[in-house]
Amino acid sequence: MFKRIYGFGFIITALAFQACDKQETAVIGNYSNQLPDEVSYNFHVRPILSDNCFACHGPDANKREANLRLDIEEEAFRSLEKTPDAHALVPGNPLASEVYNRVVSDDPSIKMPPPDSNLKLSDFEISMIKKWISQGAEYEPHWSFLPPEKVKIPKVNHNDWANNEIDYFILKKLEEKGFKPNEEADKESLLKRLSFDLTGLPPTLEMMDDFLEDQSEDAYSNWVDRLLSSQAYGEKMAVYWMDIARFADSHGFQDDSYRSQWPWRDWVIHAFNENMPYDQFITWQLAGDLLPDPTKEQLLATGFNRNHKITEEGGIVDEEYRVMYVTDRTNTFGKALIGITMECAGCHDHKYDPVSQKEYYQLYSFFNNIREKGIESVVGGPETYAKRPFMEITDEDVNAILGFINKPDTSQLIVSIMGELDSARTSYVLERGSYEAHGETVTPGTPESILAFNPEFERNRLGLAKWLFDQKNPLTARVFVNQIWQEIFGKGIVATPGDFGMQGELPSHPELLDWLALDFMENGWDIKRLVRQMVTSATYKQSAVIDDEKMEHDPENIFLSRAPRYRLKAEFVRDLILSSSGLLDATLGGPSVKPYQPSGLWEGATSGRGILSVYKQDHGKDLYRRGLYNFIKRTVPPPAMTLFDASNRDQCEVERLITNTPLQALVMLNDPTMLEASRVLAGKLLKENTTAEQNIMKAFRMIVCRFPEQREMEVLIKYHRGQLNTMLNENAKALLNVGEYPFEEDLDPVEWASLMQVISTIYNLEETISKT
Amino acid sequence: MDKNIIEHHLNLNRRKFLSTMSLGLGSVALGSLLMPDLFKGNGQMEGELAAAIPDFAPKAKRVIYLFQNGAPSQLESFDYKPKLKEMVGQDLPESIRGGQRLTGMTANQSSFPLVGSFSGFNQYGESGAWISDLFPYTSKIVDDICIVRSLHTEAINHDPALTFFQTGAQQGNRPSMGAWLSYGLGSENKNLPAFTVLLSRGIGNGQGVYSKLWTNGFLDSVHQGVQFSSGEDPVLYLRDPKGMSRVERRKILDNLAELNHMSYEKFGDPEISAKIQQYEMAYRMQTTVPDIMDLSKEPDSVIKLYGPDCLVPGTYAANCLLARKLSESGVRFVQLYHQGWDQHGNLPYEITRQAKDVDQASAALVTDLKQRGLLDETLVIWGGEFGRTNYSQGKLTKDNYGRDHHPRCFSIWMAGGGIKPGTVYGETDELGYNVIKNPVHVHDFQATVLNQLGLDHEKLIYKHLGRRFRLTDVSGKVVKDILV
């Protein structure tokens, strides 16, 4: 549901359903009071033109019709090629503007967009365009391609609400809209929210007690610091970065055998925990190998660009796949780091954004010079677990510079990394994106419309990183700040975090986005500081209650007059279950693990080749590791994870859907992980010699992270009594018989299973797996 | 930005809709299944999806796709080429090959010796279609099916070719055909998913299958194919733990509903009501699915039709019978994958057994549907991801050879769902290398399937990352000649 806000595009679609008279006067009559006083090209008109017109009258030179482009002012104003007396746009005069006459026409031969495009402007959109032309048809450069502007902190009426700068921007808009922010959330809700956002783990009982008792001013802020400095912070952040980096434990194509890339993941956790500045974090990943005398840690970081899928299917055409890998890197760079959907320009000039096909391949050529092959080996032994170029991680490394790697044994360990060819490979524009259709040659470069490449920078990946972190780059900081905002608030200020281009959503709070971006750059790209700013804001600390008025007027919570409320990510659902039951093994890093999984999934989908054709489940502590360590075989990803919308790591992903399906209910009801956790927690509580009521209350607190209300206790106690009275001994034993965790001795099966049933009920509450 | 204009129109969106609906009992669960995307906050349902539904009544309501994974040889099945037998051992003329790129498996082969089918061919039915002796049961239903001999594709390797067939693009991460249909049409049965997947494996050289073949891609995950299996859990996590009776499960659900409702009172979040409904649907699936999976109540006549293997869980025959039951119950798209068709070598031996594995049950499915009066509204498809070369891969001996991947022509058949029965469409050259008449590109095939379900492939679109995507990417035209 946080996939996209109801941005401009949708709303106008919705408006199209209102009955409207096609008569031109009626058009304006219907909408005049809804149109903005001053129509903005960026915010009102360009979204309409981009979505409906630019595909044929935009940046793509090959598909341009009538040699007319509407995305550039000069081109749109000059006289038309075939009818030089006419102009597409005549500022101030819609009736003389061909654009307007075409969109209102009923004649299919001249109507725009043409009927066969299946596109249609709503009357509202038409009246918007008319008003824009009347007001002079002023163009503006695309907002995200202009550098962030230094903005003043807005003045607000209620000065006592704000905790920090973020709040002034949020409150300003709320006051404009006539909304009041919610009250601050109660302490229990706050701590749960904070704990999940900073560590991906629920607060422990001790944490809850401590926080409830601590009446001091800095009680909250102290917990922010403690959680930010816990190791679990790096693990939490790594989940998001692993999606972006398409990290997995298998190569991804066909037989989909094993790769040992996990040390790269250990590095990511380490880097977040060390609070490595974002510019360094990215520079190492993009170009660690090109730094002077690179350390092994810097080399390891470049594994980022080797996480993509690599084929082991015999018989493929080598170059076809090698090109695919370069393309993957280029697209990942675009989507993850500058929020531009580059891939369109791989086959033709971009239809919406000013990125030409040539520019695409200029960017591509940064990544095209790697000592790699399309296929190096087919499914085989340990020598195939990484592909050239790779580095070996020795035990000495682990005892020295790579101390953050959790290498469990002394066997050989190799990781794919980046490494340049000695002499540059020639790069070409690939016609239609086809690996064999070489067009003109290109050299490394970046899209002009974003920021020209400074000639002083090296024309390699290191120079590309410098371009990215050039203070003049309009996108880098905005895109990252927005990703972190999404991590904390559920959706970005720009609701399409991977698309800051013409077709992307517009920012809900553009000034705030710019302020955050500049502040982030000015303060050394300090990630923990950025996160801290967000979670200490009054905006963040509001309660998540939705009252009728807010439901009516801001159902998607665009204006943040309340805290967002949404389901935890797949990994954290698992972490919650393991942590609250005391089963969690908090070991940091190491090879990915294979916990319980329904049988036959890998076996049913394999050709039988390779060590991943059979799922060999782990035992002991490895059954209870955090969700981020779950082994990901790309072609058969862990089902309980994908059912909760985890990425299958096929390609770079910058956001996850949040769905609500019956199959998720089945996981929560029947997954042995949850059942075992219930069994274990029930056993532990029964050993404590407390009353049934106390046990239920404690379990509730550990799982839902708050004290239950009286009425909630009544339901659970009644259910518990019923279970105690009616459960048969044999059913109790059957219910308890789940999981490999050792069984408590001397417990009465009925008593034990009855409490277990209550606990699994608590695990299944909607609130349990929601951030509230 | 200024959102003044839009504020009072926000009441059209999902949350509001849900909050109103949730007071109206079970309608949400039903609604969310029938039109899931209305609930998912993307607003595309109202506009773009509506446009995809044309004025004409759909011919088919459901699809059963019998995917022959690994690529069966058209030359030993449905594309009879006697000339190849005459020319056995001669090299494939370069003029015919016409620069076709080769897979790495035969690219270095010094010669390309032509080889004809080891199995005989005969003509069958009113249509007089040529069918190989390896498919005796299919021969008997020839007047119910339409054989298309002129399919062609762009990929030459399994993974990209399979992905292309199922999602319209080679790279993956786009929604598969079943997901598109689920998105476009929803489910007919509120207790079952709209898109289900069944896997089986033959004895031949196999290629894996991948969950991306039944992925929802960028569509909501309710459109993901749900794998049904023959194990203890026909659907993942469906089975309650041992020791839990239905009465006890019901009790838990009632408690959950009550407690969740308290939470709703506190937070006012319509997602909570939706969650209650999803649990109810899960509960109903727990009864519905095992009933369908239970083949023991099928009459002997049906068992006889599909063959004794259909009582062995996990076999192709069992999956065909299951497919009929699922389809009959309203599952929009039942996707079977049967592995084992990748005959690079030892083809005569392997393909004989592989064909035997699928022939009876495939034909039985068509017959069974017909007898039940369901064939008219059910589209059945049989075929692989590409064809195989007319020359031998590896050494050609008197009685043994192999065939490499071949994208330029291959054969599939379709039945029911408004497809003209008893027809043969398209033609390849006398050496079975190139299509010479009525070529059908994969996108044409996909457009045709959507068309039969009443969907316009150019209008069934979903906007993602600023681009409008469709199953047929940017091409494809409906093959009108094979429609009733």
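1. UniProt positions below are in the numbering used here, with feature names shortened, and annotations may be inferred rather than shown by experiment. With that in mind, the UniProt record (an unreviewed entry) puts "domain: Cytochrome c" at residues 329-409 of chain A. That span is 30% helix and 4% strand, and its end C-alpha atoms sit 32 Å apart. Helices (H or I, at least four residues) and strands (E, at least two) are DSSP runs, numbered from the N terminus.

2. Quick housekeeping: this is a predicted model, where local features need pLDDT of at least 70 and side-chain atom pairs count only at pLDDT 80 or more, while totals for chains, interfaces and linings use all residues. Residues count from 1 along each chain as its sequence is written, and chains are lettered from A and ligands numbered from 1 in the order written.

3. On the interface, 80 residues of chain B are in contact with 92 residues of chain A (C-beta atoms, placed from the backbone, within 7 Å). Elements giving two or more residues to chain B's side include α8 (158-167) and α11 (270-293). α10(B) gives the most, with 10 residues.

4. Within chain A, look at helices α30 (residues 692-704) and α31 (residues 710-726): their axes come within 10 Å and cross at roughly 125°. The axes are lines fitted to C-alpha atoms over the stretch in contact, with angles from 0 to 180 degrees between N-to-C directions.

5. As for who touches whom, α30(A) brings A:A692, A:E693, A:I696 and A:M697, and α31(A) brings A:M713, A:L716, A:I717 and A:H720.

Terms used. Contact = placed C-beta atoms within 7 Å.
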